[in-house]
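Thanks for making time this morning.

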Amino acid sequence: MKIMDYQKVKAIKILQEQEVGSKVKVNGWVRTKRESKNVVFIAINDGSIIYNLQIVADPAGFDENLIKDITTGACLSVQGEVVESAGGGQKVELQAEKIDLLGKADPDEYPLQPKRHSLEFLREISHLRPRTNTFSAVFRVRHAMSYAVHKFFHERGFFNVHTPIITASDAEGAGEMFRVTALDIDNPARTETGEVDYSMDFFERETNLTVSGQLEAELFALALTEVYTFGPTFRAENSNTSRHLAEFWMIEPEMAFYDLNDNMDLAEDFLKYIIRYVLEHCKEDIEFLNKRAIDEDKMKKMGERSDMTLLEHLNFVINNDFERITYTEAINILRNSKPNKKKKFQFIIEEWGADLQSEHERYLVEKHFRKPVILYDYPKEIKAFYMRQNEDGKTVRAMDILFPRLGEIVGGSQREERMDKLTQRMKECGISEEELWWFMDTRRFGTAPHSGFGLGFERFIQFVTGIGNIRDVIPFPRARGMAEF
Ligand code: ATP
Ligand code: MN
């Protein structure tokens, strides 16, 4: 039987919209095959939706060798008729008229089998892991979140600014930086006194990969009023945690004419908007990830289990007004808390001025307030130089947003717009005004009150997908000793 090529459609369309009786062509990768004498069932997946599309084939109509080569991981192009499904699982399936084997996958070598693999194992085959249910779900959600980020800001009249990835400023001191150089590292140009001579380097100065686009975004906020960056940032983090990557994506809105309260309002609206968007547009994936998280949880010890499911966590954020309290109030609560008195915290809170650890942040959110929390007015010593100083001489207009499971998810502040206060603070922090002359110019010419915040995109994806390790929510994780793929 010879057939013309039917119209190519994706599995999501067949499963959700295609009429019974229509003829289509679909391409995808084999997840499973079951066969009996009279019928072959092949489940294929093309990544357009979490569900597989079931292909039904009469073995009499196909070459025996072709059927044999249809194994897990192989790629097929199938043409046939959409029919009502006889089995339970789904409404429709595809009755195959023609099957082309586009790519074989030797079953003795293909590492993905239709069974549960650990995320650790899958990280070792990051090039193939998007073909699993969990990772395809995570990356579809990641896409939806990325789209929603742009949509949110665009709807509010913000402009997206692409800040540089290579930078000469180490101003923020936010972390260890990765050097960028074109010098011959075995034999670099040297000055008369023997130091590496960066004036001979490509940019004729020392350069690094950026740790944040904030300072550059500030320049644009003081011209376009409301802007945001959404790009990669790099930190040579040595901390081997489940929340830190060496390469991660950051969203940094920066707004002129916003005080700290406006900043908090924006951040709260933003977080809720993205979560609502995902709940509305990624229903099947979130349902799948929710079930997955429940199963994971069951394997944990009693004390380590979560008292909320993923879906409950997401609703917890969108249905609560975030609690806003000062750092000083938080310290008082923590000092008098049970885990502090009984020395259950790893870091005991004693003095005002202590930096909070994620165990403290989570206590405030999960146990004390049972709401997301925004802490503000932090001691200036534990925050960056550019944050606006309060009248008390001790605190700055910083704000951190704390979430369940993760602790800090957003860090932001009202910026110091007053030249004299800024230069005084830079002196105290040992930051060179000359190097940042362009930043100082914004305070010199037409300065204005302004604010902004930074959100680690992967941290947020971790929260939304319930995935425990940050390395599993970015396509190709970069961390200490990890850059293979
Ligand atoms: P942390 O204390 O968790 O290391 P930070 O204070 O260094 O965070 P900021 O410099 O305020 O973080 O960066 C803004 C946001 O970027 C953080 O709130 C967090 O969501 C995210 N972030 C920071 N470092 C990393 C990293 N190494 N990997 C992934 N996300 C990160
Ligand atoms: Mn850090």
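**The ligand and its surroundings**

A polar side-chain atom of His244 lies 2.7 Å from an oxygen atom of ligand 1, which I count as a polar contact, meaning here a pair of N or O atoms within 3.5 Å. Before I go on, please note that this is a predicted model, in which local features need pLDDT of at least 70 and side-chain atom pairs count only at pLDDT 80 or more, while totals for chains, interfaces and linings use all residues. Residues are numbered from 1 along each chain as its sequence is written, chains are lettered from A and ligands numbered from 1 in the order in which they are written, and side-chain values use heavy atoms, with hydrogens and water left out.

Arg459 also has a side-chain N or O atom 2.9 Å from an oxygen atom of ligand 1, and for Arg235 the corresponding distance is 3.1 Å. Around ligand 1 there are 15 residues, of which Glu237, His244, Leu245, Glu408 and Arg459 come nearest, where being around it means having a heavy atom within 4 Å.

**The core**

Which residues touch the most other members of the largest nonpolar core? They are Phe270, Met399, Ile401, Phe460 and Val464, out of 97 residues, and such a core joins buried Ala, Val, Leu, Ile, Met, Phe, Trp, Tyr and Cys residues through side-chain atoms within 4.5 Å, buried being under 20% relative accessible area with a 1.4 Å probe, protein chains only. Apart from that core lies another, of 26 residues, among them Ile14, Phe62, Val78 and Ile99.

Conventions: Buried < 20%, exposed > 50% of the residue type's maximum accessible area, 1.4 Å probe, protein only. Polar contact = N/O pair within 3.5 Å; in protein donor to acceptor, adjacent residues only side chain to side chain.
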